[in-house]
Amino acid sequence: MPAQPKGEAVALATTGAPRRTKRRLRASALVAATAAAVLALTACGGGSEAKSADGKVELRFAWWGGDKRAQVTQAAIAAFEAENPNIKIKPEYGDWSGYWDKLATQVAANDAPDIIQMDEKYITEYSTRGALLDLSKYKIDTSKLDAAALDAGKSEKGLTGIAAGINAATILANPAVFQAAGVALPDDKTWTWEDFERISAEVTAKSPKGTYGAAAYGTDEASLGVWLRQNGKSLYTEDGKLGFEPSDIAQWWSFLKELSEKKAVPSASEVVEAEAAPLDQSGLATGKNGLAFWWSNQLPALEKAAGGELQILRFPSKTGKAADAKLWYKASQFWSASSRTKHPEETAKFIDFLTNNVKAGEALLADRGVYPNSDVREAIAPKLAKADVKVVSFIDQIKGELGDAPAAPPKGAGAIQEIVKRYTSEVLFNRLSTDEAGKKAVDEMKSAIS
């Protein structure tokens with residue numbers, strides 16, 4: 001099921017390879033120690049400072065991502081500054097692994113950037129502590145945004161995030177692997193999990209040693225969320241609790257064990273090795289997996305790494321009906337603002353530009369996922385690369401099949417992915433039974449979000 005973007009990860013923790021665990025724990029400890037200070041600072045209110053003598057305002061804008069993202073984002077900044085010469089945007093960016101540690105420190109020290117690229121896992125963490133601005137109080141047009149993506153940024157603290165992009169959980173297929181094995185690609189509108197198992201095992205059996213029909217799921221909480229939704233449960237409830245029991249996750253792991261035993265997916269040691277590999281060395285990109293679980297916006301990078309076209313598929317379902325896959329539109333990231341910004345009006349004006357201005361869309365294109373503003377999405381369509389067009393087409397195709405949007409991750413949800421990965425490994429290596437792992441994992445998850 002969908003893999004977390006490689007290289008991307010308040011608990012405030014990072015998500016990534018196990019070697020980053022100590023860093024995540026330090027980040028969580030830092031936030032716990034400074035939460036009271038953050039609340040005290042935000043309670044004082046931001047208040048706007050007077051503009052400089054020449055009437056100009058400088059806003060700090062923080063985001064995570066690679067060189068390409070930096071390039072397109074600074075192009076969007078330049079377009080905004082050309083229309084708003086009295087507002088200067090100062091970029092602050094870095095990779096995912098250090099982003100959250102830095103942001104936690106800045107917020108605690110009352111030195112947060114004005115505009116903050118925020119993630120779904122941590123928006124509740126920051127907003128409930130009063131660190132994010134309620135954007136609904138400012139002039140930002142949200143009328144052209146997908147309702148589910150817009151609602152994902154809402155909480156009891158108001159609208160604290162506006163979707164920067166939307167994507168969906170998908171299975172990506174490498175047609176070259178299927179062709180070499182002489183196996184037909186599945187019909188993703190009708191296939192079931194039984195079909196997934198059968199087809200994956202057949203590809204493995206007809207491929208060279210070391211090539212598997214599918215990659216294993218179980219390395220992040222998104223894959224668990226899809227499984228739970230198809231079985232009438234949910235990862236979280238609206239009141240911030242777990243929406244499933246130990247037996248539910250135990251069944252998820254039982255099917256993974258079955259896939260492993262039939263060699264439909266790699267062995268336990270190969271799964272661990274694959275988890276540590278960068279995106280361009282993933283099994284799908286290198287032709288070692290016929291199917292793999294990724295977010296839709298990761299297709300372009302994976303196609304580039306694979307050196308050939310990949311195909312986007314819907315998830316299998318229990319019934320063979322596309323609507324029963326229970327997919328949803330996920331906000332890939334959010335535009336948020338510090339509640340302590342000295343210039344909330346100007347900050348909101350920049351976020352409105354990123355959200356609604358075609359010039360911003362022409363700069364950013366599909367870097368952060370499918371553009372959530374339907375008018376901008378249509379306007380920039382001719383400028384999109386072929387792979388991005390494929391993603392947009394898929395997002396549009398599944399619109400009528402979507403399930404209800406899931407509840408937002410509660411405070412502490414940043415720790416869940418690491419718990420899922422760790423117990424998946426315990427199950428695959430037969431160190432714990434699926435029932436034992438289910439009980440231990442759920443206990444840890446409840447503790448993390450309590």
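Two strands pair if DSSP finds at least two bridges between them. Strands (E, at least two residues) and helices (H or I, at least four) are DSSP runs, numbered from the N terminus.

## Basis

This is a predicted model, in which local features need pLDDT of at least 70, side-chain atom pairs count only at pLDDT 80 or more, and totals for chains, interfaces and linings use all residues. Residues are numbered from 1 along each chain as its sequence is written, and side-chain values use heavy atoms, with hydrogens and water left out.

## Strand E13 and its partners

Strand E13 covers residues 330–337. E13 pairs with strand E6 (residues 162–167) in the antiparallel sense, through five bridges; here Lys-330 of E13 is the bridge partner of Asn-167. Strand E3 (residues 115–118) also runs antiparallel to E13, with four bridges, and Met-118 stands opposite Phe-334 of E13.

Eight of the eight residues of E13 are buried, so the strand is largely enclosed by the rest of the structure. Buried means under 20% relative accessible area, exposed over 50%, and partly exposed in between (1.4 Å probe, protein chains only).

## The four-strand sheet

An open sheet with mixed pairing has the strand order E8-E11-E7-E12. E8 (212–214) and E12 (311–313) are the edge strands, each with a single partner, so one side of each has no neighbour in the sheet. From one strand to the next, the twist averages 30 degrees.

Three bridges join E7 (residues 169–173) to E12 in the antiparallel sense. Ile-171 has Leu-313 in E12 as its bridge partner.

Notes. Axes fitted to C-alpha atoms, helices over the stretch in contact; angles between N-to-C directions.
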